[in-house]
Structure formats: C-alpha cells, structure tokens
Amino acid sequence: KEKFSNPLEPVRTRFAPSPTGYLHFGSLRTALFNYLLAKATKGTFILRIEDTDQSRLIPDAEQNIIKTLRWCGLDFDEGPTQGGNYGPYKQSERTQIYEKYINQLLENKKVYRCFCSKERLNGLTESAKLLQPPTNVSYDRHCADISIEESNKRAQNNESYTIRFKSPEIYPVLDDVLHGKVNLQPQVNYDDRRYDDPILIKSDGLPTYHFACVIDDHLMKITHVIRGEEWLPSTPKHIALYKAFGWNPPKFVHVPLLTTLSNRKLSKRHKDSDILSLKNTGYLPEAIVNFIALLGSGVSTVENNIHKAKDILPLDYLQEKFKLNKLSRCNIKIEPTKLDFLNIFYLRE
C-alpha cells in the first residue's frame, strides 16, 4: 500500500507529446493524470514537446497541444512557451545536449556506430521471421566489433550510420507502480543469435524516443513518468540506459489503454476525438476533464458533498482526491453518452 500511495515530497511530472497529431482523449488523460499527481503533491507539471520525428510533424499540432491544455485548465509550470530552469523544452532544440551524452556512451563503449545499409537490415528482419524457434529481435551485431578508430574514420568520411545501444544480455526487471514487477526479455534463437540493440541516434543525427526521453527525464529531474501502457515493452530499454549512465530512473506508472466500444485503440492518426473540435461543437472544458477523469482515475464521487449528481468530478476536487493507488489497471471503453450527460450538467451550473 505504501508503494502505491502518493509521494510525500513534491514530484516533477511531465506530459511529453509528439506534435504529429492533435490531442485526443487518450493523450489528454495522460496529461491529466500527470497534472493531478503534481498538484496533489504540490509539485511541478512540465510540458515537453518531443518533435524529433521530423517527417511526421503536423505544422499546427504543437499549438493545438498548448491551446488544448490551457483550455482544459491544465496549466503547466514549465514548458516551451514560458521556459523554466531545465529547458529548452522542445527536443529539436536540444541536439547539442544529446550529442554530449551520446559521445559519453561512445567513449565508454556502451554504444556503437552501425553502418549497415537499409537493404542489409531489411534482409535481417526477413530472415529473423523464418527462424525456428522464432525471435522478435533481428540485428546480428555486424558492426559491434568495429574499432573506435575505424568507426571514427568512416564517420568523418561522411559514411551514413546510426548509433545503437549495446543491450545487456538480460534486461533489468521493471518495477511498475501499477503492474508490479515485470520481466520483459527479447525472445532469441541461440542457433542464430540476434540482438535487440535499439537505435539511439538516427542517420539524420536526431535521437530516437528511447534516447531523448531518458536524457530529458534525467536532466529535467522528472520523478514520476505516467504514460500509456503501450510504452511498457520499451521501458526495460530505458532502465538499461539509465544504468549505462549510472543514473537512477524515475518511478514508472503505465496506465491502461482507452478503447472505443468496438475495442479499437484510440489513436490521433485515426483522428479520434480531437479535443478542440469538441469545443467548436459546444462542449465545455469542465465536462471534458470530468469525462476523462472517469476513465480510470479512480477518484470517487462519494465524498463530493458539493455536487450530489453521480460522476461529477470538478478539477479542484480531482486535485484534492487524486491517488496513485486508485488508478485503474484495466483497459477502459469510452462511452460518448456520458460526455453528453456531463456537458448538460455543467451547462446548467
């Protein structure tokens, strides 16, 4: 019980969306839970824009994110618009920081440059699918033993490369606040050994999510990471990276997915319920935040003596009552009619 209760000290949480789409219910719920934990502990809520996937950026998505959070009353204490002590708060403006830390890993031989062509990598992926017993990792460490002198020379000659993390033989066990101890290991075929070795720096010089989020969370002193359950399989990689630097990881809280009534995962790529579009059709931010809170926050309306109506959860009440140990551990289906009920209630208030 002590493990799941709110920390006694002020926390630092972050909402770190990628501006590749507009905010939908799932991402707004992640923002809300991070916001509520920060406010419940008198801590700090940070907005960080993870914009390193340049090919998928939508020009006005960053502004949509900021406008949505502000409209919903989820004001961030640090971020790209007002700054803070740990900026910049856009990953595209932090390239020199990432360069410093990847060079540190290169010097300590925790990572290596991979010069393999796209064609070779595609071939490895296809051959891995044919292995029996099967493997869910494909790289053969072809470049892992290249000397640092040769690697530096090839890089200086402008040969294209990525930088891979030399993954441990056994990934650390994850101790997740909601899921407990989770042991996630790659499935391998020992007759044709392949390795996870995730890419940390892409061929364009920009970091992948795995690298940037670890560097940023550490430097921004994030204490708790609340994010979607889809990131659970990646977290052992992140913990291994923390260990490679000799850093302590934050506490991880992976919340279950939101699904439609037909059991399809919500996705911004499918344009699921862009929040600001609801504003244009007459929905109030109070109703939307209340609706999101009902999707797994675990805050009860029983103690709410101000509003006698069922399921009414104003933002100030949520800040007071939010507890990590109340978060749902099950996937939750969105029921649109509940949002209509809540909107009618707040319109009448």
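Biologist: Where does Pro88 lie in this predicted model?
Modeller: Pro88 lies in the loop between helix 2 and helix 3 (95-107). A cis peptide bond joins Gly87 to Pro88, with omega at about 0°.

Biologist: How do you know that the side chain of Thr135 makes a polar contact with Gln187?
Modeller: The cut-off for such a pair of N or O atoms is 3.5 Å. A polar atom of the Thr135 side chain lies 2.7 Å from the backbone oxygen of Gln187, and the backbone oxygen of Val137 lies 3.0 Å from a polar atom of that side chain. Both distances are therefore within 3.5 Å.

Biologist: What does Thr135 touch, leaving out residues up to four places away in sequence?
Modeller: Thr135 touches Ala128, Gln187, Val188, Asn189 and Arg194.

Biologist: What makes Arg141 stand out by its phi?
Modeller: Arg141 has a positive phi, near 60°, and Arg141 is a residue other than glycine. Most residues other than glycine have a negative phi. Arg141 also sits in the loop between helix 4 and helix 5.

Biologist: Why is Lys221 called partly exposed?
Modeller: The relative accessible area of Lys221 is 49%, so Lys221 is partly exposed. Lys221 is placed in the loop between helix 6 (209-219) and strand 8 (224-228). The phi of Lys221 is positive too, near 60°, in a residue other than glycine.

Biologist: Now to another threonine. Why does Thr41 count as buried?
Modeller: Thr41 has a relative accessible area of 8%, which is under 20%, so Thr41 is buried. Thr41 is found in the loop between helix 1 and strand 2.

Biologist: Which backbone oxygen lies 3.0 Å from a polar atom of the Thr41 side chain?
Modeller: That is the backbone oxygen of Leu37. The Thr41 side chain also reaches the backbone oxygen of Ala38, at 3.3 Å. Beyond residues up to four places away in sequence, Thr41 touches Asn6, Pro7, Glu9, Pro10 and Val11.

Biologist: What makes helix 7 mostly covered?
Modeller: Ten of the eleven residues in helix 7 are buried. Among them are Thr235, Lys237, Ile239 and Phe245. Helix 7 is followed by Gly246, whose phi is positive, near 80°.

Biologist: How many residues line the second largest pocket, and which lie closest to its centre?
Modeller: The second largest pocket has a volume of about 410 Å³. There are 20 lining residues, and the closest to the centre are Asn136, Val137, Tyr195, Asp196 and Lys237. Helix 4 and helix 7 (235-245) are the elements that give two or more residues to this lining. The largest share, three residues, comes from helix 4.

Biologist: What is the make-up of the lining of the second largest pocket by class?
Modeller: The lining has twelve nonpolar, four polar and four charged residues.

Biologist: How many residues are in the largest nonpolar core, and which have the most contacts inside it?
Modeller: This core has 53 residues, and those with the most contacts inside it are Phe25, Leu69, Ile275 and Ile288. Elements that each supply at least two residues include helix 1 (25-40), helix 2 (61-71), helix 8 (275-279) and helix 9 (285-293). Helix 1 gives the most, nine residues. Another core lies apart from it, with 33 residues, among them Phe211, Ile222, Ala244 and Phe252. In soluble globular proteins, nonpolar side chains tend to be buried together.

How values were computed: Residues are numbered from 1 along each chain as its sequence is written. This is a predicted model: local features need pLDDT of at least 70, side-chain atom pairs count only at pLDDT 80 or more; totals for chains, interfaces and linings use all residues. Side-chain values use heavy atoms; hydrogens and water are left out. A polar contact is a pair of N or O atoms within 3.5 Å; within protein, one must be able to donate a hydrogen and the other to accept it, and residues adjacent in sequence count only if both atoms are side-chain atoms. Contact means heavy atoms within 4.5 Å. A nonpolar core is a set of buried Ala, Val, Leu, Ile, Met, Phe, Trp, Tyr and Cys residues joined through side-chain atoms within 4.5 Å. Buried means under 20% relative accessible area, exposed over 50%, partly exposed in between (1.4 Å probe, protein chains only). Helices (H or I, at least four residues) and strands (E, at least two) are DSSP runs, numbered from the N terminus. On a 1 Å grid over the protein atoms alone, a cavity is a set of points where a 1.4 Å probe fits but cannot get out, and a pocket is an open set with protein on both sides within 12 Å along at least five of seven lines; lining residues have an atom within 4 Å of a point. Grid points are joined across faces, edges and corners, and a volume is the space filled by probe spheres set on the points. Ala, Val, Leu, Ile, Met, Phe, Trp, Tyr, Cys and Pro count as nonpolar, Asp, Glu, Lys and Arg as charged, and the others, Gly among them, as polar.
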